[in-house]
Amino acid sequence: MKDIDENKLGANPFVNGDFKIVVRKSLNYEKLSKDDDGDYLPTEDTLEQEKIVKLYVSQKKLNKEMNVGVDSLNALGCELFFWITSRLIAGNDYFFLDKKRYMKEKNISSVNTYKKALNDLIAKSIIQPNTIVRGIYWINPKFFFCGSRISKFPKNVVEY
């Protein structure tokens, strides 16, 4: 991709007067900074208040695990994937898939259409069914997560 002079692009039409990012300020006692007197004080973090789902797109993983991941989903799988992401509860690595609700909201009358979407997500290692509780599915936090993966999986954290 050639270099783009961002100054020539103009303003983003989506960033207008009604575009607001609601944030919350909090003190971070794990990350300290020194003041002028040499005392250690907690730093102030600014966090978005709105619920977000992060999509992770490691090019290294995509090249290594071809045909696995969100970028390889068919149209039905994509639709179900985005429906799921909008219903994730922050901090959970599982969700309840309400088949009837999904089919009704997406105007799907064929169970086979639903199954094709579901099987695509499972085949591409995006989700896996829970073998104990019917209707509960595990999400693959390698690809997407709602909340902090660091807080949820502290034993899996490695420093870069």
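# Exercises on a predicted model

N74 caps the N-terminal end of helix α2 (residues 75-85), with a side-chain oxygen 3.0 Å from the backbone nitrogen of L76. The model is predicted, so local features need pLDDT of at least 70 and side-chain atom pairs pLDDT 80 or more, while totals for chains, interfaces and linings use all residues. Numbering starts from 1 along each chain as its sequence is written, and side-chain values use heavy atoms, without hydrogens and water. Helices (H or I, at least four residues) and strands (E, at least two) are DSSP runs, numbered from the N terminus.

**Exercise 1.** Find the buried residues of α2 and state what covers them.

Solution. 
- Apply the cut-offs: buried is under 20% relative accessible area, exposed over 50%, partly exposed in between (1.4 Å probe, protein chains only).
- In α2, the residues G77, L80, F81, W83, I84 and T85 are buried.
- Their cover includes β3 (54-55), β4, α3 (99-105), α4 (111-123) and β7 (144-145), where contact means heavy atoms within 4.5 Å.

**Exercise 2.** Describe the salt bridge of D93 and K152 and the exposure of each residue.

Solution. 
- The N to O distance is 3.9 Å between the side chains of D93 and K152.
- D93 is in the loop between α2 and β4 and K152 in helix α5 (residues 149-152), so the pair ties together parts 59 residues apart in sequence.
- D93 counts as buried at 14% relative accessibility, whereas K152 counts as partly exposed at 33%.

**Exercise 3.** Identify the strands that pair with β6 (residues 136-139).

Solution. 
- Pairing requires at least two DSSP bridges between two strands.
- β4 (residues 94-96) runs antiparallel to β6, with 3 bridges; F95 is partnered by Y137.
- β5 (residues 127-129) is also antiparallel to β6, with 3 bridges; I127 is partnered by I139.
- The hairpin of β5 and β6 has 6 residues between the strands, and G135 there takes a positive phi near 90 degrees.

Terms used: Polar contact = N/O pair within 3.5 Å; in protein donor to acceptor, adjacent residues only side chain to side chain. Salt bridge = Lys/Arg side-chain N within 4 Å of Asp/Glu carboxyl O.
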